[in-house]
Amino acid sequence: ARRSLASPVVSGVLCPCGSPRAAGAAPGPAAEGGGGGGGGGGSAGPCGRSLCEASEQDRRLRALFQKLDVNRDGALCIHDLAVGLGRLGLHRTELDLLKIVKAGDKDLDGQLDFEEFVHYLQDHEKKLRLVFKSLDKKNDGRIDAQEIVQSLRDLGVKISEQQAEKILKSMDKNGTMTIDWNEWRDYHLLHPVENIPEIILYWKHSTIFDVGENLTVPDEFTVEERQTGMWWRHLVAGGGAGAVSRTCTAPLDRLKVLMQVHASRSNNMCIVGGFTQMIREGGPRSLWRGNGINVLKIAPESAIKFMAYEQIKRFIGTDQEMLRIHERLLAGSLAGAIAQSSIYPMEVLKTRMALRKTGQYSGMLDCAKNILSKEGMAAFYKGYIPNMLGIIPYAGIDLAVYETLKNAWLQRYAVNSADPGVFVLLACGTISSTCGQLASYPLALVRTRMQAQASVEGAPEVTMRGLFKHILKTEGAFGLYRGLAPNFMKVIPAVSISYVVYENLKMTLGVQSR
């Protein structure tokens, strides 16, 4: 079989069977372009080939490293990789090369020394092998277009067989329209994986889109991320991004709460007037009332939601590493309900703190004690029912719109790669989240008014149904959408800020980009 121009070098470094070469398994005489067979005797490796001395593997690795180290300084920078790979017939973009260096650069000096280079190759090959096996549905050692279509369809990504064939052509070197392990490895080993294996990871509707709502479907993590402990770093990065994002958009969030509770036909609060009123009453600092508890509840809710989601996935009993769309909706809605039930008193506190007047409470604890002594424990669960009911329309519409936009993009623009780029992801996340909020907003408004009931002196006790009827009767359907403008105004900055902070926190925590 004809191989890529990089095959003589790459195949000489790593075992053609794809098994890890920790013991130094070298290709035998049958390896194409492998640079000769080494170690004729000795014990057999996973592929049945003989094991060579560790020094032979080291020699091959150093030969590849020296070919790429064009300026002979003992380290590979982006320029070295660009020139070296170009000489081997592998042309990569600057962004691709940056990702390779970033993935292997352990000491963060912006380049790869020999040890970092070796570690990158070995680690990357293991990942490629796992992905190859997951796509090889027939278990015949080859991937065809039908297997690609089926694998992606199982995970909610719909592409035609013609599109799958276009993706295959970029890796198929012998014209068979199938990819064997060698072709797969040769194409991807010195290339950040941006085709088939990362379509799902690129397109995952991730928690990086933090818009301050608590109804989003949890993130999913690969088996490797769970085994290596990377999942908690993703959660920490996501939590930090959410905290910064919510703090930056807190004035808009507080204005939304005030408009939900106090705005009416007779008191038509506008955005400028609302901000003016808040500053006049409590100064600029009052714009952030309620933000402290809003940030504090990120950590417990994320942790509980993640643990519940993982348990529900096991209960569903799927053998898929990632759930299908309807399974995600079911598991995500249940996990959201469990997490919200656990931290709901903090939701009530957040609303009360946002609505408080200057000097009313000395802090969160004082507010909690005041509610408990005057209204009892039941006050901490006011608005619970509309909150739970809002989870399904939010998560359902959010996921449905995201999947529709994703598949529309893939059908129209996916040719040799399905990497959508940052702006497409942010746009899809923003639009789907906005639609989800629009669908569940009336329930969110009723929840907020029920949470705030006792904060209004002499306000009668009302039920969810009674409140809906009252709003429709006195304010019309428009009354169910009070505060919608500032709520939508915060979506784009919230998504953008959370994404930027998330990416920077991932780098700080040593999390590899997906």
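In the predicted model described here, the side chains of K256 and D253 form a salt bridge, with a nitrogen-to-oxygen distance of 3.4 Å. Both K256 and D253 belong to helix 12, which runs over residues 250-262, and they stand three residues apart, about one turn of the helix. An α-helix has 3.6 residues a turn, so residues three or four places apart point the same way. Both partners, K256 and D253, are buried.

D253 also takes part in a second salt bridge, in which its side chain meets that of K490 at 2.8 Å, N to O. This pair links distant parts of the chain, since D253 is in helix 12 whereas K490 is in the loop between helix 21 (484-489) and helix 22 (491-509), 237 residues apart. The relative accessible area of K490 is 2%, and K490 is therefore buried, while D253, at 9% relative accessibility, also counts as buried because the limit for that class is under 20%. The salt bridges extend to a further residue, K350, which is linked with D253, K256 and K490 in a network. Side chains of opposite charge can pair when their charged atoms come close.

Elsewhere in the model, the side chains of E375 and K382 meet in a salt bridge of 3.9 Å, N to O. E375 has a relative accessibility of 28% and so counts as partly exposed, whereas K382, with a relative accessible area of 15%, is buried. In total, the structure holds 11 salt bridges.

These local features are set within a protein whose secondary structure comes to 22 helices and two strands. Of the 514 residues in the protein, 53% are buried. The protein exposes about 23,100 Å², and carbon and sulfur atoms supply 60% of that area. When contacts between residues at least 6 apart in sequence are considered, 70% of them join residues at least 24 apart.

Helix 12, which carries D253 and K256, also packs against helix 13 at an angle of about 100°, with the two axes 10 Å apart. The two helices, helix 12 and helix 13, are therefore roughly perpendicular to each other. On the side of helix 12 the contact is made by P251, L252, R254, L255 and L258, and on the side of helix 13 by I271, G274, F275 and M278. Just after helix 13, G283 takes a positive phi of about 80°.

M177 has a relative accessible area of 27%, so it is partly exposed.

Strand 2 contains D180, which at 14% relative accessibility counts as buried. Leaving aside residues up to four places away in sequence, D180 touches F132, G141 and R142. D180 and F132 are 48 residues apart in sequence, and their C-alpha atoms are 9.0 Å apart in space.

The C-alpha atoms of E347 and G290 are separated by 9.8 Å, although the two residues are 57 residues apart along the chain.

Note on methods: Residues are numbered from 1 along each chain as its sequence is written. Side-chain values use heavy atoms; hydrogens and water are left out. Helices (H or I, at least four residues) and strands (E, at least two) are DSSP runs, numbered from the N terminus. Buried means under 20% relative accessible area, exposed over 50%, partly exposed in between (1.4 Å probe, protein chains only). Contact means heavy atoms within 4.5 Å. Accessible areas come from the Shrake-Rupley method with a 1.4 Å probe; for residues, only the protein chains shown count as cover. A salt bridge is a side-chain nitrogen of Lys or Arg within 4 Å of a carboxyl oxygen of Asp or Glu. Axes are lines fitted to C-alpha atoms, for helices over the stretch in contact, and angles run from 0 to 180 degrees between N-to-C directions. Angles under 35 degrees count as roughly parallel, over 145 as roughly antiparallel, 65 to 115 as roughly perpendicular and the rest as oblique.
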